[in-house]
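Work through the exercises below with the model open beside you. Try each task before you read its solution.

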Amino acid sequence: MTSFARWLALLVLCLAALPGWALAQSASQPLTVHFFDVGQGDAALVISPTGKTVLIDGGPPEARAHLEKRLRELVQGPLDLVILTHPHLDHLGGLSNVLRTVGARRFMDPGFDHPSEAYRDLLNVVGDEVGQVMTPVPNPQEPRTLLSIGLGDGAALTVLWPRVPEDPFLTGTRSDPNSNSIVAKLTYGKTAFLFTGDAEPDTEATLLRKDIDFTSTVLKVAHHGGRHSSTAAFLAAVKPQAAVISVGAKNDYGHPTSEVLGRLRAEKAEVFRTDLDGEVVATSDGTAVAVRAEKRGGPSLLVAGEVKPGPVAQGPITRGTRKTSAPRGRSASSTDSESDTPQRATGEPRYFSLKGSKVFHKESCKTLKRSKSNRTEYASRAEAMRERRPAEDCHP
Ligand SMILES: [Zn+2]
Ligand SMILES: [Zn+2]
């Protein structure tokens, strides 16, 4: 036994002697989700049992400083993944700042185009600061499987929606950006969390037609408790025991609505609201979830996990991450060439940079395609190298 191993064994013995250790030991380390109090908007941080961090949405611009403060308190090093559920300001307002100050290894959004300046600016920051940019596009080899991201110790985040090009984006809905929100299920042992962004009834109806196990211990309620979302049929499928509504006090939208609160009550879900309860923290040991709220006294709510083990949907859900995916606004059939560089007629690849950015991209790069900023073309890679560094998303 090396001295390090001996030291480790001793440490484990010491920890084992502490009260509470036996509880945590059942499923190794806990998985924690912080639903931050960011006012009218969404921002939640997942910390996996092995310490992997995923930020889902970045709140409204007003909460930028608060979000950065909380992340600095909870996260060491860059975030492993930042997910923007959809390109609305109350979900992306603090993200550029987070990417610059805390940093992120990967960024994922639905890939649904949105012509707002805030979203354009964010994509430029993503291009500069994030190594890998992705959308939850199905693997062409396994089109029926869902993108699932392993977070260590059996915890996984599976993206249920969107599924472009396998299923086209929803259009002609109350709000297409909302309807194409990333919906993801985080599973750990018998417990699960469902993140819904601002999903609309169309999203819920589309999902309900699929062979997916929606059962979740904790539901992040869609669209801040807006009355159209969280339909009775969807809630019946999710069967949440606790529901978190991320919402601002006295907001202009009347969120959360009495209709949704009533439907959650009918499902017997205990409701937590960031406007009344402050930050809500849910901790899972793989068998049960303890939910506590910053401004609520008394003990944590403890709910047993009743999620069946096994995959969230049929088929293996093991696709890893990819560097590029469906470019915005292109037809579904154009997405197979994911990592190929389209060649110019002359056979020479083309290189571009975006205004204000320190990096250059391949012509096929998704970041480039997403951005409407002015671009500069270089005569050759060598010329590009003289002025910029290669982007980490497309490795030109
Ligand atoms: Zn929203
Ligand atoms: Zn929205």
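A metal donor here is an N, O or S atom within 2.8 Å of the metal (3.2 Å for Na, K and Ca); water is not among the atoms, so sites may look incomplete. This is a predicted model, in which local features need pLDDT of at least 70 and side-chain atom pairs count only at pLDDT 80 or more, while totals for chains, interfaces and linings use all residues. Residues are numbered from 1 along each chain as its sequence is written, chains are lettered from A and ligands numbered from 1 in the order in which they are written, and side-chain values use heavy atoms, with hydrogens and water left out.

**Exercise 1. Find the protein donors of the zinc ion (ligand 1) and name the arrangement.**

Step 1. List the donors. They are Asp90 (OD), His91 (NE2), Asp198 (OD) and His224 (NE2), lying 2.1 Å from the ion.

Step 2. Write their spacing in sequence. It reads D-H-x106-D-x25-H.

Step 3. His91 sits in helix 4 (residues 89-92), and His224 in the loop between strand 11 (218-220) and helix 9 (232-238). The pair is 133 residues apart and links distant parts of the chain. Helices (H or I, at least four residues) and strands (E, at least two) are DSSP runs, numbered from the N terminus.

Step 4. Check accessibility. Both His91 and His224 are buried. Buried means under 20% relative accessible area, exposed over 50%, partly exposed in between (1.4 Å probe, protein chains only).

Step 5. Judge the angles. Four donors count as tetrahedral if all angles lie between 85 and 135 degrees; four count as square planar and six as octahedral if opposite donors are over 155 degrees apart and all others between 65 and 115; anything else is irregular. The four donor atoms around the zinc ion (ligand 1) subtend 85 to 150 degrees, so the arrangement is irregular.

**Exercise 2. Describe the site of the zinc ion (ligand 2), then say which residue bridges the two ions.**

Step 1. List the donors. His86 (NE2), His88 (ND1), Asn178 (OD1) and Asp198 (OD) coordinate this ion at 2.2 to 2.3 Å.

Step 2. The pattern is H-x1-H-x89-N-x19-D.

Step 3. Locate a distant pair. His88 is in the loop between strand 4 (81-83) and helix 4, while Asn178 is in helix 7 (residues 176-179), 90 residues away. Both His88 and Asn178 are buried.

Step 4. Name the bridge. Asp198 coordinates both zinc ions, which lie 3.6 Å apart.

**Exercise 3. Is Trp161 buried or exposed, and what surrounds it?**

Step 1. Trp161 is in strand 8 (residues 155-161).

Step 2. Trp161 counts as buried because its relative accessibility is 0%.

Step 3. Collect contacts (heavy atoms within 4.5 Å). Beyond neighbours within four places in sequence, Trp161 touches several residues, among them Asp167, Leu170, Ile182, Val183 and Leu207.

Step 4. Look for a polar partner. The backbone oxygen of Ser179 is 3.1 Å from a polar atom of the Trp161 side chain. A polar contact is a pair of N or O atoms within 3.5 Å; within protein, one must be able to donate a hydrogen and the other to accept it, and residues adjacent in sequence count only if both atoms are side-chain atoms.

Step 5. Inspect the next peptide bond. Trp161 and Pro162 are joined in cis, with omega about -5 degrees. Pro162 lies in the loop between strand 8 and helix 7.

**Exercise 4. In what order do the seven strands of the open sheet run?**

Step 1. Trace the order. It is 7-8-9-10-11-12-13, with mixed pairing. Two strands pair if DSSP finds at least two bridges between them.

Step 2. Find the edges. Strand 7 (148-152) and strand 13 (270-273) each pair on one side only.

Step 3. Examine one pair. Strand 10 (residues 191-195) and strand 11 run parallel over three bridges. Phe193 has Val218 in strand 11 as its bridge partner.

**Exercise 5. Which backbone features stand out in the loop between strand 11 and helix 9?**

Step 1. Recall the rule. Most residues other than glycine have a negative phi, and most peptide bonds are trans.

Step 2. Take His223. It lies in this loop, and its phi is near 50 degrees, a positive value. His223 is buried, with a relative accessible area of 16%.

Step 3. Take Ser230. It lies in this loop too, with a positive phi of about 55 degrees. At 1% relative accessibility, Ser230 is buried.
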